[in-house]
Amino acid sequence: MLEHDRQLRKRLTFAIISHPDSGKTTITEKLLLFGGAIHIAGAVKSGKKVKDAVSDFMEIEKERGISISTSVMGFEYGGRKINLLDTPGHADFSEDTYRGLSAVDSALLIIDSVKGVEDRTRRLCAVCRMRHTPIATFMNKLDREGKNPIELLDEAERELGLGVRPVTWPIGQGRSFKGVWSLLEHKLVLFNPGEVERPTETIEIGDLADPLLEEKVGASLASRLREDVALLSGVYPAFDAEEYLAGRVTPVFFGSAINNFGMRELLDVLTAIAPHPTPKVCEERLVLPEEEKFSGFIFKIHANMNPKHRDRVAFLRVCSGSFERNKSYHHVRTGKPFRTANPTAFMAQDKEIIDVAWPGDIVGLHDTGQFKIGDSITEGESINFKGIPSFAPQIFRFIVNADPEKEKQYHKGLNQLAEEGVVQIFSRPGHQNTRVLGVVGQLQLEVLQYRMEHEYNARCTYRPIDASIAYWIDSDDPAKLRKFVEANERKILVDIRGTNIFITDSAWALERVRSENPAIRFYATSEMTEDRAAYS
Ligand code: G4P
């Protein structure tokens with residue numbers, strides 16, 4: 001039990017979230033560098049392709065230079081074992097990102113200080129807020145002429161629905177960027193542009209009235225800093241870690257990832273304040289990480305990490321107890337026993353076989369097709385973890401096998417990729433052989449075609465269907481539900497669990513149907529509990 005406690009206190013599992021191009025890949029790399037997990041300083045500078053070295057596994061990602069799948073990297077820093085989930089920033093893969101967020105205990109939000117709060121930033125924060133996931137914020141690219149920092153804070157508070165608490169404050173910006181003042185520790189962290197080895201110089205000042213400030217940053221920036229800090233202390237209450245842990249406020253850091261500036265301060269504070277593994281919600285009860293018995297859930301399935309083998313890896317988040325190699329567990333959905341001789345941990349680019357994993361850890365399980373996203377694994381108890389729903393797709397297509405001689409490969413590929421969460425597959429009531437695909441973004445359609453061809457030697461084409469809005473439906477009155485489904489037959493699809501979804505192509509038509517059918521409930525996710533507003 002003592003060991004369990006020690007391991008729990010060590011763990012920190014978080015995801016980096018951002019709008020594309022804010023600097024997520026750069027920051028991930030710098031964090032791994034500080035953690036000693038990689039040794040490729042400056043690699044990001046040399047172009048998009050090199051990024052793949054860190055977190056991208058799939059061929060198609062390399063071609064497109066965008067991060068498609070969530071990958072996991074582990075490293076040690078400041079006495080803590082850090083599990084970092086890299087999530088796709090591209091809007092077309094938002095489902096993958098939302099699921100990744102179910103497996104972490106906190107998030108690091110990156111905002112580009114030139115652009116401010118962007119569309120994806122807003123949506124991702126809404127998902128975190130819904131789950132009360134604590135968020136720390138890093139305002140990046142202070143080496144560029146960006147928005148005024150006060151304006152940035154205002155915008156973040158207004159648009160993200162979170163209180164902001166600056167913990168560092170920039171001195172100058174763009175060409176005049178000199179560094180940051182640490183509001184928590186009262187020290188000056190100076191920026192040495194262009195010096196990769198020594199990007200930072202830290203000076204203990206204690207009091208902003210110290211004339212050393214003028215000497216280091218010049219009279220004008222020194223007086224500006226004093227004014228800013230006086231203003232901030234009047235506007236923002238002091239940072240309170242409890243409020244951050246409750247998901248009500250976000251500590252805000254300023255820096256420049258590409259220049260390696262502000263990263264160490266960020267990591268130091270994160271390792272001090274970010275939450276240990278948190279309780280996770282099951283349909284049946286709340287599971288505490290301190291519980292002695294093991295439990296966990298699959299939040300992601302990734303095929304073909306090694307293109308030479310047709311293997312799949314299921315990503316398991318450990319929620320309680322400890323997961324041990326060669327021990328027999330209970331796969332709740334199938335009721336079958338599950339054991340593995342080669343569970344893996346992810347350490348930057350490497351995978352290594354582990355003997356034991358603790359709450360907060362992400363374990364890779366070799367998957368021969370037995371797992372589905374959302375599956376729970378336990379030491380015997382039949383519990384089902386929540387928070388890993390499917391999200392209502394916005395793009396629908398009929399899918400057609402373009403090479404009828406490859407019928408077997410076509411079905412195998414389609415089923416496996418649907419299980420992996422690349423697309424959602426629906427059928428039409430009364431038309432058993434018609435398959436309809438649903439995706440959140442256009443790019444997923446291209447990924448499906450590419451992977452079908454390259455991994456399964458099968459080709460598919462799409463035909464349009466009039467739908468861009470979808471809701472899962474149910475009702476307390478089965479007769480009314482049946483009647484509704486019959487009356488709207490052409491607008492009903494059935495998901496893999498047999499639940500009906502209602503599709504339409506206009507918000508106006510949806511509103512009319514809703515008002516005419518008060519007995520029918522409409523849900524944005526397959527869990528049928530969430531509020532659509534969080535995702536749209
Ligand atoms: P992403 O994963 O969130 O999409 O962002 P990524 O790290 O790829 O960064 C997006 C662009 O912003 C990259 O430039 C990167 O070099 C740049 N960048 C990241 N951090 C900073 C910073 O602190 N200051 C400045 N000025 N730029 C920064 P790119 O030209 O798109 O690509 P690359 O050729 O440099 O890789």
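Trainee: Which strand do four bridges join to E28, and in what sense do the two run?

Mentor: Strands of a sheet pair through backbone hydrogen bonds, either parallel or antiparallel. Here four bridges join E28 to strand E31 (residues 520–523), and the two run antiparallel. Asp 474 has Arg 521 in E31 as its bridge partner. Strands are DSSP runs (E, at least two residues), numbered from the N terminus, and two of them pair if DSSP finds at least two bridges between them. A word on the source: this is a predicted model, in which local features need pLDDT of at least 70, side-chain atom pairs count only at pLDDT 80 or more, and totals for chains, interfaces and linings use all residues. Residues are numbered from 1 along each chain as its sequence is written, and side-chain values use heavy atoms, with hydrogens and water left out.

Trainee: With which strand does E28 pair over four bridges, besides E31?

Mentor: Strand E30 (residues 500–504) pairs with E28 in the antiparallel sense, over four bridges. There, Ala 470 stands opposite Ile 503.

Trainee: Are the residues on the faces of E28 buried or exposed?

Mentor: Buried means under 20% relative accessible area, exposed over 50%, and partly exposed in between (1.4 Å probe, protein chains only). In E28 (residues 469–475), seven of its seven residues are buried. Ile 469, Tyr 471, Ile 473 and Ser 475 lie on one side, with Ala 470, Trp 472 and Asp 474 on the other.

Trainee: And in what order do the strands of the open sheet come?

Mentor: Four strands follow the order E7-E8-E9-E10, with antiparallel pairing. The edge strands, E7 (168–171) and E10 (200–204), each pair on one side only.
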